[in-house]
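Please look at the structure shown here before reading the notes.

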Amino acid sequence: FNPSHLEAVNPVVEGMARAKQMRIYDGDFSRVLPVLIHGDAAVVGQGVVAETLNLANLEGYRTGGTVHVVINNQVGFTTDPVDARSGNYCTDFAKALQAPILHVNGNKPEHVVFASLIATEFRIKFQRDVFVDIYCYRKYGHNEGDEPRFTQPKMYAEIGAIKSPRAAYAQELIDAGIISDEENSKMIQEFSSELENTLALIKKGEVPPPLVPFKGLWNGLKGGSEPEMLEDVSSGITEEQYKKIVETIHPPFNGVTPIPKLQKLLESRKDLILKENTVDWAVGEQLAFGSLLMEGYSIRLSGQDVKRGTFSHRHLEITDHETQKRLMPLKSLEVKNSFLSAWNSPLSEFSVMGFDYGFSLSDPKTLVLWEGQFGDFVNSAQVIIDQFIVSSEKKWSRHCGLTLLLPHGYEGQGPEHSSARLERFLQQCADANIQVAYPTTPAQYMHLLRRQMVRKFRKPLIVMSPKSPLRMPEVTSKKEDLVKGSFQTLLTTGSDKPERVLIC
């Protein structure tokens, strides 16, 4: 499914393909083929196409090549090519990927089939993107109620004078003796009857049954109502998990020595944890990740600088200061069918968030997180939020558990680095579609992430995540808050018998 926002579906398709390749086919790109169908005006006009193409050969986002089919009507509603693009062809920017581009006459069906076979074989052999640019036309303009002759009288006079591709091809086959005139007429009549019969069924109300979303990998899951979203869900971890994860994420690491500054920071953090059983935000997050891995779930974290963290707090991946060897300590906790992956993304919020949304659609067993370098940067991906994340369950019965981590807080960094636009997400809450949370302790954050997976349904989660509180001594949690309990919808402090209540 895709909304009217044209090419916005491109990264979603790629993310879905990648999820299926990973979860069902163990990373075999040859088993899932993404096919994207573009319009000529949109393929060159919508920037998300170029953004998605840039993902094509990146390790964290590649899908082994996509076959792109361009339905080139040589007109965008009423805009001529001369007004729509600076290049000769609408596919020119595919050259940046060194992708083959096959231009073919849409009036010749066998030529189109031949070009499509070449494209598919190229993708299979070289696992790279390839384009088939089909030159054709739109006989009735933008839709059946349009009058294209208002703005393209000469072109549509020529279109009106030629046979349709079907009629022209049928005549070729008749002239060659491959089919008879009677067989041609019979095929037309059979197809027309099929359409009429289907229309009659629809008028009687005999429409196809609604989509059942909980099949395959989604088996065992269900839709979540608003009361269920507010239910208390036990999401604590065991003492053994706590101990194992704390040991795993601190030095010494197997064959990797971080820079001295980080080595010292991690050692002092471990000492504090062991002495006081107190963890900070980053450790709370890694307790969530590590425990989910140990329980058979997977983690995919994607975004700008996510491995280290924008605020140098996460250190999910450790780099040896001499050999440049890299290590993700939590990967040692993977069990059968679980995996941990973290990908520093290009500066491309629209396509990357769309990709991760698509991944979450197709793999409910993976906690998929997209993190903005700052929360404001969701601006660049607003189409994905509006047209997919907040509305896909209502529009298409498609569920997803994508989590957005949006650093938020007015801390003197200016208007571009302050607000994650909390009010926009609150305005978009309706009919139990999304969750918006502002966790203020590491324990709350850990329970929130774990709850995403241990519940029997999936809902998008928008997290207003901190910046300066990442290191504040006040923003810590005790071990007992992590090994038991659940996410609390409201934390209260102060008197047992208050006269006045402030809700923040």
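This is a predicted model: local features need pLDDT of at least 70, side-chain atom pairs count only at pLDDT 80 or more; totals for chains, interfaces and linings use all residues.

In what sense do β6 and strand β9 pair, and over how many bridges? The two strands are parallel, and five bridges link them.

**Strand β6 and burial**
- Strand β6 covers residues 298-303, and six of its six residues are buried, so the rest of the structure largely encloses the strand.
- Ser298, Arg300 and Ser302 point one way from β6, while Ile299, Leu301 and Gly303 point the other way.
- In a regular strand, side chains alternate between the two faces of the sheet.
- Residues pointing either way from β6 are buried.

**Partners of β6**
- Strand β9 spans residues 340-344, and its Ala342 stands opposite Leu301.
- Strand β10, residues 366-371, also runs parallel to β6 and is joined to it by six bridges.
- Within β10, Val368 is the bridge partner of Arg300.

**Lys365**
- Lys365 lies in the loop between α13 (349-362) and β10.
- Is Lys365 buried, partly exposed or exposed? Its relative accessibility is 34%, so Lys365 counts as partly exposed, because that class lies between the 20% and 50% cut-offs.
- Leaving out residues up to four places away in sequence, Lys365 touches Arg23, Leu217, Tyr297, Ser298 and Met453.
- One of these, Ser298, belongs to the residues of β6.
- The side chain of Lys365 comes to 3.0 Å from the backbone oxygen of Leu217.
- Between Lys365 and Val283 there are 22 Å in space, C-alpha to C-alpha, and the two are 82 residues apart in sequence.

Key. Residues are numbered from 1 along each chain as its sequence is written. Side-chain values use heavy atoms; hydrogens and water are left out. Buried means under 20% relative accessible area, exposed over 50%, partly exposed in between (1.4 Å probe, protein chains only). Helices (H or I, at least four residues) and strands (E, at least two) are DSSP runs, numbered from the N terminus. Two strands pair if DSSP finds at least two bridges between them. Contact means heavy atoms within 4.5 Å. A polar contact is a pair of N or O atoms within 3.5 Å; within protein, one must be able to donate a hydrogen and the other to accept it, and residues adjacent in sequence count only if both atoms are side-chain atoms.
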